[in-house]
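The sequence and the model are shown first.

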Amino acid sequence: VLGRLFGAEISNPLLQLRWFIVDSGLKGTRAHQWSEIAFAVVFLFCRLLWAPTLLVATWRSERPHMIIKLGAVGMQVVS
């Protein structure tokens, strides 16, 4: 669950960087383009590859209780 939360939040600094660049009037610059690319790559990697992998690993494991497994599914569905 912690890995899932970390994966969901790791793209936030890049999201904030994008906002600061646009708010500073630097939209269309190289810095803006690179921040867009970096955010997209990190976001897509975490949401489309890492999170489902963690979900499958959590679901297949015998250790976590069912409530943890259902919580992991809920987090994936919401995000």
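This is a predicted model: local features need pLDDT of at least 70, side-chain atom pairs count only at pLDDT 80 or more; totals for chains, interfaces and linings use all residues.

Two packed helices are described by the angle between their axes and the distance between the axes. For H3 and H4 (residues 66–78), the axes cross at roughly 165° and come within 9 Å. Since angles over 145 degrees count as roughly antiparallel, H3 is therefore roughly antiparallel to H4. The crossing in which H3 passes H4 is left-handed.

H3 (residues 30–60) also packs with H2 (residues 12–23), at an angle of about 160° and with the axes 9 Å apart. That angle makes H2 roughly antiparallel to H3. H2 passes H3 in a left-handed crossing. On the H2 side the contact is made by Leu14, Leu15, Leu17, Arg18, Ile21 and Val22. H3 contributes Ala31, His32, Ser35, Glu36, Ala38, Phe39 and Val42. The residues of the contact of H2 with H3 divide into 9 nonpolar, 2 polar and 2 charged.

The axis values of the two pairs are set out below.

| Helix pair | Angle between axes | Distance between axes |
|---|---|---|
| H2 and H3 | about 160° | 9 Å apart |
| H3 and H4 | roughly 165° | within 9 Å |

## Helix H2 and the residue after it

H2 consists of 12 residues. From its first C-alpha to its last, H2 reaches 16 Å, close to the 16 Å expected at 1.5 Å a residue. Just after H2, Gly25 takes a positive phi of about 80°.

## The chain as a whole

The secondary structure of the protein chain comes to 4 helices and 0 strands, and along the sequence the pattern reads α-α-α-α. How does the radius of gyration of the protein chain stand against the globule rule? The radius of gyration is 16 Å, well over the 12 Å that the rule gives for 79 residues, so the chain is more spread out than a compact globule. Along its principal axes, the C-alpha trace spans about 50 × 15 × 15 Å.

Note on methods
Residues are numbered from 1 along each chain as its sequence is written. Side-chain values use heavy atoms; hydrogens and water are left out. Axes are lines fitted to C-alpha atoms, for helices over the stretch in contact, and angles run from 0 to 180 degrees between N-to-C directions. Helices (H or I, at least four residues) and strands (E, at least two) are DSSP runs, numbered from the N terminus. Angles under 35 degrees count as roughly parallel, over 145 as roughly antiparallel, 65 to 115 as roughly perpendicular and the rest as oblique. A crossing is left-handed if the near helix is turned anticlockwise from the far one by less than a right angle, and right-handed if clockwise. Contact means heavy atoms within 4.5 Å. Ala, Val, Leu, Ile, Met, Phe, Trp, Tyr, Cys and Pro count as nonpolar, Asp, Glu, Lys and Arg as charged, and the others, Gly among them, as polar. The expected span of a helix is 1.5 Å times one less than its number of residues. The radius of gyration is taken over C-alpha atoms; the globule rule is 2.2 Å times the number of residues to the power 0.38.
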